[in-house]
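Hi,

Here is the structure I promised to pass on. Have a look first, and then read on for what turned up in it.

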Amino acid sequence: MERYSRLRPVLSSLRPYVAGRGIEEISRTYGIPPERIVKLGSNENPYGPSPAVRKAIADVHLHLYPEVDGLVDSIASYTGFPESQVLVGSGMDGVIDTLSRLFLDHGVRALIPTPTFSFYEIVTTLCGGEPVFVRRSNTSKIIEHLSDDSIGMVFICSPNNPTGEVMDEETLRSVIEATDAVVFLDEAYVEFAERSMVDLVKEYENLVVGRTMSKAFGLAGVRLGYALAPEWIAEAYRKAAPPFFGVTTPAVAAGIAALSDLEHMRRSVERIKRERELLLSEIVEASPSWGNFLYIETSERSDVITERMLRKGIIVRDCRSFRDAGDHHIRVTVGTPEQNARFLEAYRELCG
């Protein structure tokens, strides 16, 4: 119909983001009571946020627009960066969306090492840019591509989603120093790793480090992300950001409360890391991981394994939607000991 001609032509080449499946959907589809379903497909924190978060949200004035200064102050205190270099947004995707609109345009390319978070490709395409893919494991090829002056952004996820590995400092420095493009380092899972590379922002004018409150802090439902950036990028970001940076009053309150109780976050992270190592010791097909999930190679097609898991009430992620992940990998969130035991029982039965 004629109305479809109004859509941007670029949409025809867009691969939609595939999210993890939800409990209500699986309950309806397979007739399994919701309380019997184990959700291990979306990398959520099973222990949730600090108890202080619920009280903070309950006390907010919903008739008032958000005031982000207190949140920025809290993030600055947590990260050790000045407030002027702290950027906030509606989840990590909100931060990435605004940053990308600063640097990507028609004729500009984004380098995306794969397999990785598919939103980088989506936002590049929507900005009119061209995504350029290279295997994440091929460092020399990544560096080679950076000689291309049309590269405007480089997206690096570390720990990487879905594979779980980190990029070492030497390699990251090589990438940053090989280009004038803006390097976006996605550290969504960094609290589960041994170290962060965020201090490199103090050395390089073309590095931005993104973080989220969804994972370690257990705030996936409120959509809150942030980034640490050089002053010149931070200034441009504030010009282009949505009103109030796209965050809500409850999200601001939740973020401040969560950052005021770091002990809760650290306890849950340590529990997840212990369970992660136990799962790794039980599953030889799993790759080493520095996130709150495992990347597991399957002998049968991943969609077959995922479907069989769903019939047992266990939601895991089929990784076929990740470019270059192939047809034989699943991603499994590290849950509570009880949830992990349910998964292991099903995994041994289906893949043992």
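Before anything else, one term: two strands count as paired if DSSP finds at least two bridges between them. With that in hand, take Tyr295, whose bridge partner in E12 is Arg331. The strands involved are E9 and E12 (residues 329-333), which pair in the antiparallel sense over five bridges. Do keep in mind that this is a predicted model.

That pairing belongs to an open sheet of three strands, ordered E9-E12-E11, with antiparallel pairing. Strand E9 (293-297) and strand E11 (317-318) are at its edges; each has a single partner strand, so one side of each has no neighbour in the sheet.

Now for the whole protein. It has twelve helices and twelve strands. Its radius of gyration is 20 Å, close to the 20 Å from the globule rule for 352 residues, so the protein is as compact as a globular protein of that length. Along the principal axes, the C-alpha atoms fill a box of roughly 55 × 55 × 50 Å. Buried residues account for 54% of the 352 residues. If you take contacts between residues at least 6 apart in sequence, 73% of them join residues at least 24 apart.

There is also an open sheet of seven strands. Its order is E2-E8-E7-E6-E5-E3-E4, and the pairing is mixed. The edge strands are E2 (86-89) and E4 (130-135), each pairing on one side only. From one strand to the next, the twist averages 25°. Inside this sheet, E6 (residues 182-186) and E7 (residues 207-212) pair in the parallel sense over four bridges, and Phe184 stands opposite Val208 in E7.

On to the aromatic rings. How many aromatic pairs does the structure hold? There are nine. One of them is Tyr78 with Phe217, an edge-to-face pair at 5.6 Å centre to centre with 80° between the planes. Tyr78 is in helix H3 and Phe217 is in the loop between E7 and E8, so this pair links distant parts of the chain, 139 residues apart. Tyr78 counts as partly exposed at 24% relative accessibility, whereas Phe217 is buried, with a relative accessible area of 3%.

Phe103 and Trp232 form another edge-to-face pair, 5.9 Å centre to centre and with 80° between the planes. Phe103 lies in helix H4 (residues 91-103) and Trp232 in helix H8 (residues 231-240), so the pair ties together parts 129 residues apart in sequence. Is Phe103 buried or exposed? Phe103 is buried, because its relative accessible area is 17% and the cut-off for buried is under 20%. Trp232, at 41% relative accessibility, counts as partly exposed.

Phe184 turns up again in an aromatic cluster, together with Phe117, Phe119, Tyr120 and Phe155.

Finally, two charges sit over rings. Lys202 lies over the face of Phe81, 5.0 Å from the ring centre. Over the ring of Phe133 you will find the charged end of Arg323, 4.0 Å from the centre.

Cheers

Terms used: Residues are numbered from 1 along each chain as its sequence is written. This is a predicted model: local features need pLDDT of at least 70, side-chain atom pairs count only at pLDDT 80 or more; totals for chains, interfaces and linings use all residues. Side-chain values use heavy atoms; hydrogens and water are left out. Helices (H or I, at least four residues) and strands (E, at least two) are DSSP runs, numbered from the N terminus. Axes are lines fitted to C-alpha atoms, for helices over the stretch in contact, and angles run from 0 to 180 degrees between N-to-C directions. Rings of Phe, Tyr and Trp (its six-membered ring) pair if their centres lie within 6.5 Å; planes under 30 degrees apart count as stacked, over 60 as edge-to-face and the rest as tilted. Buried means under 20% relative accessible area, exposed over 50%, partly exposed in between (1.4 Å probe, protein chains only). A charge sits over a ring if NZ of Lys or CZ of Arg is within 6 Å of the ring centre and within 35 degrees of the ring normal. The radius of gyration is taken over C-alpha atoms; the globule rule is 2.2 Å times the number of residues to the power 0.38. Contact means heavy atoms within 4.5 Å.
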